[in-house]
Amino acid sequence: MSVWAILVAAGRGERLGDERPKAFARLGDRVLLAESLERLDDSGWIDAIVVVAPPEWEEPVIVLAEQLAAGKVAASVTGGATRADSVRAGLAEVPDDALVVVVHDAARPLVTEEVIERVLRPLSEGFDGAVPGLPVADTIKRVDRSVVVETLDRSDLVAVQTPQAFLAPVLRAALASNKVSQATDCASSVEANGGRISVVEGDPRLLKITTPADLALVESWL
């Protein structure tokens, strides 16, 4: 088993206004986590999956995996206080001989086989990791206390998504170094530790669900 996926599903999701964690919010006729979990399990590129669950929701994750017949799920572990902590918890379950780790957020349920393939390809071309990205359509301004300081050139800006793929030893070293304690994605930690990251074509439907409106939009795409 050389390609392992860490499915990060530990977010609380307060903005959804649901008492349950975000991963267990309803998306159509099943929970949000089911969509990305099933897609990763069906992927021909993924050999095994570790799910990072909210505290006290580890067992429901295993039950869900059994209901979906998701046989690639190797473990369900408890998430940490930060996203980096959650990924570290998942990475601890990945064997030392794994070659590649793919990190994906359950909040982006519509992961496709094409995007997984695209992020894996650069790893055989000398890169330490790869992320999917979309061009930034809006004008982006840097502000300081509500005053515009700078208008950025959006031609070289991208909005980054998951799944993100990394050489396993590189990701382990980056997360162990903790150079970016509040990193919002794994690529930031790898970059800070000297890693080379490639950006590949993302997917507009890899929307990160944050609000009830996001849930409704993604449900309309199913």
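**Close-up 1. Pro163 in the loop between β10 and β11.** In this predicted model, Pro163 sits in the loop that runs from β10 (158-160) to β11 (164-167). The peptide bond joining Thr162 and Pro163 is cis, with omega of about 15 degrees.

**Close-up 2. Arg145 in the loop between β8 and β9.** The loop between β8 (141-144) and β9 (147-151) holds Arg145. Arg145 is a residue other than glycine with a positive phi, near 50 degrees. Arg145 counts as exposed because its relative accessibility is 73%, against a cut-off of over 50%.

**Close-up 3. The largest nonpolar core.** This core has 34 residues, and those with the most contacts inside it are Leu33, Leu37, Ile46, Ile49, Val51 and Leu120. At least two residues of the core come from each of β1 (3-8), α1 (32-42), β4, α2, β6 (100-105) and α4 (113-120). Apart from this core lies another, of 24 residues, including Ala10, Ala48, Ala168 and Ala187. In soluble globular proteins, nonpolar side chains tend to be buried together.

**Close-up 4. Val51 and the residues it touches.** Val51 is one of the residues with the most contacts inside the largest nonpolar core. Leaving aside residues up to four places away in sequence, Val51 touches Leu7, Ala9, Leu33, Leu37, Val61, Val73, Ala75, Ser76 and Val77.

Technical notes. Residues are numbered from 1 along each chain as its sequence is written. This is a predicted model: local features need pLDDT of at least 70, side-chain atom pairs count only at pLDDT 80 or more; totals for chains, interfaces and linings use all residues. Side-chain values use heavy atoms; hydrogens and water are left out. Helices (H or I, at least four residues) and strands (E, at least two) are DSSP runs, numbered from the N terminus. Buried means under 20% relative accessible area, exposed over 50%, partly exposed in between (1.4 Å probe, protein chains only). A nonpolar core is a set of buried Ala, Val, Leu, Ile, Met, Phe, Trp, Tyr and Cys residues joined through side-chain atoms within 4.5 Å. Contact means heavy atoms within 4.5 Å.
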